[in-house]
Amino acid sequence: MITDKKRVRILLRVSSDQQLEEDGDLMVQRQLVCDYVKEHANWLLDEKEYFEGSKSGYKNSVADREVLQEAYQDAKNHEYDILVVYKDDRIGRRMWEIGGYIMSLKSLGVNIYTVKDGCISPESNDIMGQMMLALRYGNAQKSSADTGMRVKDTAKKLAAQGKFMGGRAPYGYTLEHSGEISKHGRALKHLVIAPEQAEVVKYIYKLSLNRELGSAKIAKTLNNSALYKSLAPNDVWKSGTITSILTNPIYAGYTSYKRREHSSGSCHRLDRRDWIVAERQNPDIVIVDKDTWTNVQKKRKQRANKYTKPLKKEDVTIIGRNDGMLSLVDVLHCGYCGCKMVNGSKYNYWTIKSTGERRTSKLPIYKCQNAWQGIPHDKTSQFRADQIEPVIHELVAEYISRLQEKVNIFDEISYEINEEKQRKSKDLARAREGLDKIRQNIQIIEEHIPDAMTGQYILSLKDLAHTIENQKAKEQKQITMIEQKIASIQNTTLSAEDWQNIKDKIPTWRELFFRADTPTKRVLVNKLIERIDITGEQIAVRLRVSPGNLMPQSRMTGDGVVPQQGV
């Protein structure tokens, strides 16, 4: 049936879980927007709705907001004509990005309307309208920045007064309703000690203070105990978790703020001098006494300085031999647990008898990340780079040399690369189908939020939110796996030009490879080798291509010697 009505879709966004769960902001938004659509006789509300939960329109770019990208793709497919939101800040709070996004939808024939201001999409030739659009979102961006500064300043003051700043309860505590109501009408919560977890925290401090164990060894000790492992957050103890517990003043009864800082997409710990710590102790949340907490910090600092300050005082000559990034860090895995190996350092100490001079050397090593985090690990967990790399480098050089002997090897390699790429592409397609199913489940669950808010759904709003959180975590895990598969496909792809360049350089390539610097070797190793698994007995190398009997595979014995005949 042909109709001249405009197809309308709505976009809802809440920037916090509180707006979703307690204030009912989502339900209010939906009702106001739907009422606004009904006021227009020539508008037809589409069944599809765009929803973005717990997502900041100021901190997140348009490119990182999947809902906006989905709405844009649907606009390219001419699935709707009008997008309606409650207020302009529901689209976002970035001056140039949001204005550009609105104009990009306009170019596809989609106008954006808000309940408050009507149509906010200027025509492409309306320069003044576009300037006003930039001003609108410039003010929104400034408002968010100012609010962020006020929130941080307020948080600092509240933390200094001993107030818990929200978020998840630290290990050893639970959050319970305090009976107080905020000025926004929300029920406030406070920290309450969880007795069973508190005993674990005390044991962790005891291991650090009395036995002087580091975070990794404490994690390993806890994981080796069935009881303590059953009480671990996220099923297993890791050194990072132990470090967080040992450095958090909350366990001595002092709330804190700004112990970590997000920068360039990553989080790092700040120096204790930059922390905002409560001025007074809260006796209700004390798990370890203040003296114990302070002494643990001193012990940890002494251990951190163990290999530097004492050596400097004793005039020890330090010979540094770790010259930078190791060449196998992208492909080397622990042959016992499968975890990727990371770079580290090994220190050796000795005294020259003739002069009495004390020296130390620093050698680069590869170490298992799981073992480093304190997860129980059998047998060898670290290997010297100067023993492993020559074996692999000789393997790569031999591989390149054999290319000279195979006139038609290029065709064989190209065929195997395409076969491998097709296999990985099918695997990627299955992973994407799995992601689609997860997102469909999330959409179905979110559709029941209004019913849960009014008590008309079998699950409570809290249970529904918990289910959504679990599905979101599952979704993120699936996205990470897909990204890894895409990267694997990209690494598998070698163009004809790439291989022709290699063939052209074959006469001198082996020599050039051994003379190359570490970054260059790392790139070539990553191109030719898909994975290396190492144990104390052997090194198993999986090439990205396997051209018949092109070359032998080498094995390293326990003493680091490679036999003449490979396996």
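I began with the open sheet: 3 strands in the order 13-17-18, with mixed pairing (strands pair if DSSP finds at least two bridges between them; strands are DSSP E runs of at least two residues and helices H or I runs of at least four, numbered from the N terminus). Strand 13 (332–334) and strand 18 (539–543) are its edges, each pairing on one side only.

Next I looked at strand 17 (residues 529–534), which runs antiparallel to strand 18 and is joined to it by 5 bridges. Ile532 faces Val541 of strand 18 there.

A reminder to myself: this is a predicted model, where local features need pLDDT of at least 70 and side-chain atom pairs pLDDT 80 or more, while totals for chains, interfaces and linings use all residues. Numbering runs from 1 along each chain as its sequence is written, and side-chain values use heavy atoms, without hydrogens and water.

Then I checked Glu52, in strand 2 (residues 43–53). Glu52 counts as buried because its relative accessibility is 4% (buried is under 20%, exposed over 50%, partly exposed in between, with a 1.4 Å probe and protein chains only). Leaving out residues up to four places away in sequence, I found Glu52 touching Leu12, Arg13, Val14, Arg65 and Val67 (contact means heavy atoms within 4.5 Å).

Helix 9 (residues 239–247) came last, and I saw that it is mostly covered, with 7 of its 9 residues buried. Among them are Ser239, Ile242 and Leu246.
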